[in-house]
Amino acid sequence: MEWWSVSAALIAVIIVLYYKFTTDYGFFERRGIPYSRPIPILGSIWKAMLLQVTFAEATKEIYNINAEAKYVGFFDFATPVIGLRDLDLIKSITVKNFEHFPNHRSFQDMKTDPLFSKNLFALRGDRWKEVRTLLSPAFTSSKMKAMFVLMRDCAKLYGDYLASIPPDQRIIELKEAFTRYTNDVIGTCAFGIEVNSMKEPKNKFYVYGREATNFSRSQSLKFFLIRTIPKLSRMLGVKVVRDEIAEFFKDLVGTTIKTRDEQGIVRPDMIQLMMETRGKLGPGKELSIEDMTAQAFIFFFGGFESTSTLMCFAAYEVGVNEEIQKRLQEEIDQVLEDCKGEVTYEAINDMKYLDAIINEALRMYPVIVAVDRACVKAFELPPALPGGKPHVVQPGEFLWLPIYGIQNDPNHFPEPNKFNPDRFYDDPKKVNSGAFLVFGMGPRMCIGNRFAILEAKVLLFHIFARCTFKTCSKTVIPMKLSKKGFAMTAENGFWFDVQPRSNTQPLLDNSVCSNGVAA
């Protein structure tokens with residue numbers, strides 16, 4: 001106990017001295033860029049770090065510093081960052097001038113934490129291009145259609161489970177069930193294994209995945225240390241993913257590949273795609289087991305927590321808005337009637353209202369409230385304000401795409417605090433307006449966006465086909481966001497009384513849609 005106290009005090013002293021001698025808090029003042037005034041060590045996001053506001057609210061406050069500015073400045077702890085506000089400028093940075101800003105901010109060493117640092121999100125430069133090109137075929141229409149069948153099987157189990165809950169146990173917290181669903185989908189679609197996390201709630205795949213993707217206060221502190229003081233973090237051995245979890249997933253991927261090679265097994269999943277590249281990438285470019293594990297593992301960060309949270313927010317808004325729930329169930333019932341009891345890949349992609357609900361949930365509650373870009377080649381920004389001077393972003397400096405601020409800006413989305421799926425139902429092209437940034441923009445946008453949306457649609461379809469959500473004493477209205485951690489979630493969970501529908505059609509295991517497309 002004494003050793004920890006001395007160590008903590010020493011680390012605190014090092015951090016304070018580091019900031020004192022390395023932080024340039026006059027960076028934006030000298031350049032005439034409006035900025036959010038920081039406090040020592042915590043920078044401009046101090047309110048979120050001290051739990052006074054949510055991280056989303058803190059980023060929105062920064063976004064709203066000056067409504068006339070094309071961009072504003074703030075301090076991400078000690079690091080000066082420019083937050084882009086102008087949509088044309090965002091498009092210029094992320095698409096037209098992508099070669100100036102091709103990377104995300106790097107904050108982990110490959111030797112220290114290879115599982116986290118070797119995945120597609122963290123990779124940089126030519127290696128990122130190679131792996132992105134390699135993984136892109138995993139998300140083509142044909143591959144998505146094959147994975148849809150795997151998702152549907154999982155979703156049907158969860159729909160049946162929720163519809164069969166005994167009356168005295170029907171008040172449930174959605175996040176637990178939805179996270180188990182995303183776990184099982186990721187297991188089958190990325191790692192090629194069958195997992196049933198409702199029957200086996202303590203299976204290692206779920207327990208380790210939940211721990212690795214939990215954006216708790218302690219996990220957020222790890223990110224803070226690694227990003228701001230990487231050398232000290234390496235000295236202290238700070239890792240995002242602990243060794244036991246990394247070894248578990250590495251062994252899992254290695255065993256899966258060995259078994260498939262020996263038994264000639266072929267599955268429509270990411271492991272298979274990466275296996276098929278062996279001997280084709282050339283010297284020094286081949287994917288090792290560690291590389292393959294890192295790519296499969298990014299599904300947990302992109303799908304396990306984020307997608308389950310999206311489903312929770314979407315289900316919450318459906319559950320607290322009776323008219324929206326009624327309209328969604330009418331659309332679901334019509335699809336079931338047309339397809340003789342079983343939704344198909346084509347049918348679910350044609351569901352306009354379900355699609356609008358998902359998009360509105362993504363707009364209103366983006367789980368990741370901002371993404372960054374790192375400059376590798378000097379680039380001149382126009383003046384932040386009329387009459388000001390241009391600003392040249394130098395290599396090693398960073399920009400932010402303030403997703404939450406833009407998507408909650410009334411200039412882009414009128415009445416932004418109102419959940420209104422009709423804004424996307426009436427104008428589906430709004431997702432391409434430049435103001436809908438939940439998956440990023442340009443070559444570096446999320447590679448798995450179609451996968452995440454389909455995964456959410458399939459589950460919500462099967463749940464609301466079988467169940468109706470009723471508010472209960474634990475349902476918080478209006479929604480209150482949690483101030484703990486960086487990822488967006490509800491303060492007290494997502495609680496509902498889940499009741500089986502009495503007039504629903506039976507969902508078949510195998511059927512043919514009336515248009516002749518096999519299910």
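**Close-up views of helix packing and aromatic contacts**

**View 1. Helices α16 and α18 are oblique to each other.** In this predicted model, local features need pLDDT of at least 70 and side-chain atom pairs count only at pLDDT 80 or more, whereas totals for chains, interfaces and linings use all residues. Residues are numbered from 1 along each chain as its sequence is written, and side-chain values use heavy atoms, with hydrogens and water left out. Helix α16 (residues 322-338) packs against helix α18 (residues 352-364) at an angle of about 135°, their axes lying 8 Å apart. Angles, taken from 0 to 180 degrees between N-to-C directions of axes fitted to C-alpha atoms over the stretch in contact, count as roughly parallel under 35 degrees, roughly antiparallel over 145, roughly perpendicular from 65 to 115 and oblique for the rest. Helices are DSSP runs (H or I, at least four residues) and strands likewise (E, at least two), numbered from the N terminus. The contact (heavy atoms within 4.5 Å) brings I324, R327, L328 and E331 of α16 to K352, Y353, L354 and I357 of α18.

**View 2. F148 and Y345 form an edge-to-face pair.** The structure holds 25 aromatic pairs, defined for rings of Phe, Tyr and Trp (its six-membered ring) by centres within 6.5 Å, with planes under 30 degrees apart counted as stacked, over 60 as edge-to-face and the rest as tilted. The ring centres of F148 and Y345 are 5.9 Å apart and their planes stand at 65°. This pair joins distant parts of the chain, since F148 belongs to helix α8 (residues 141-163) and Y345 to helix α17 (residues 345-349), 197 residues apart. Both F148 and Y345 are buried, a term for under 20% relative accessible area, as against exposed for over 50% and partly exposed in between (1.4 Å probe, protein chains only).

**View 3. F313 and Y365 form a stacked aromatic pair.** Their rings lie 4.1 Å apart, centre to centre, with 5° between the planes. F313 is buried with a relative accessible area of 0%, and Y365, at 7% relative accessibility, also counts as buried.

**View 4. Charged side chains lie over the rings of Y425 and F413.** The charged end of K352 sits over the ring of Y425 at 4.5 Å from its centre, while R363 lies over the face of F413, 5.5 Å from the ring centre. A charge sits over a ring if NZ of Lys or CZ of Arg is within 6 Å of the ring centre and within 35 degrees of the ring normal.
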